[in-house]
Amino acid sequence: KGGEIREPLLGRVFAYGALVQAGRLETIKLKAKVVSSLLEISSRKEYLSEISYSVVMEILKSLSKSDFNILCKMSPKLKEALAAQVSTCQIEMFQLALWTWKQFGKQKEVPEGGFRFCLKDYSAAEIFQEDFLKAL
């Protein structure tokens, strides 16, 4: 039964990746649906998490800051991933939060226990200080 679920999910991830690489996701609405689907796949099958988040970041690379904010509103799964608790999140969620902070700058708000580093602009030297990393 695992193979019956595994193969279609893996196929969807690769199909989404191919669509991204081909530049076929032209609207924000379509990008939001694909991002939500990839994050859903990631939450269902941990072994697909890394590649799913990688495709999500490829999609986000094509967005302006205003389009990113629109996409966050259209994709509750993305907002949920960015609002994850640091203590319980997947490493890919942390990587996504760090990448979006780097790409789009500090965020207006984060939930209690979430990625607090997103609230401020830091230099690379500040991020890799021991005190900062312990505070995460």
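A nonpolar core is a set of buried Ala, Val, Leu, Ile, Met, Phe, Trp, Tyr and Cys residues joined through side-chain atoms within 4.5 Å, where buried means under 20% relative accessible area, exposed over 50% and partly exposed in between, with a 1.4 Å probe and protein chains only. The model is predicted, so that local features need pLDDT of at least 70 and side-chain atom pairs count only at pLDDT 80 or more, while totals for chains, interfaces and linings use all residues. Residues are numbered from 1 along each chain as its sequence is written, and side-chain values use heavy atoms, with hydrogens and water left out.

**Exercise 1.** Determine whether S36 is buried or exposed, and compare the span of its helix with expectation.

Solution. S36 lies in α2, which covers residues 28–44. Its relative accessibility is 16%, and therefore S36 counts as buried. Leaving out residues up to four places away in sequence, S36 touches S75, P76 and K77, a contact being heavy atoms within 4.5 Å. For the helix itself, the expected span is 1.5 Å times one less than the number of residues; the 17 residues of α2 should thus span 24 Å, which agrees with the 24 Å between its end C-alpha atoms.

**Exercise 2.** Work out how α3 is oriented relative to α2 and to α6.

Solution. Axes are lines fitted to C-alpha atoms, for helices over the stretch in contact, and angles run from 0 to 180 degrees between N-to-C directions; under 35 degrees counts as roughly parallel, over 145 as roughly antiparallel, 65 to 115 as roughly perpendicular, and the rest as oblique. The axes of α2 and α3 come within 8 Å and cross at roughly 165°, so these two helices are roughly antiparallel. The axes of α3 and α6 are 10 Å apart, at an angle of about 15°, which makes α3 roughly parallel to α6.

Technical notes: Helices (H or I, at least four residues) and strands (E, at least two) are DSSP runs, numbered from the N terminus.
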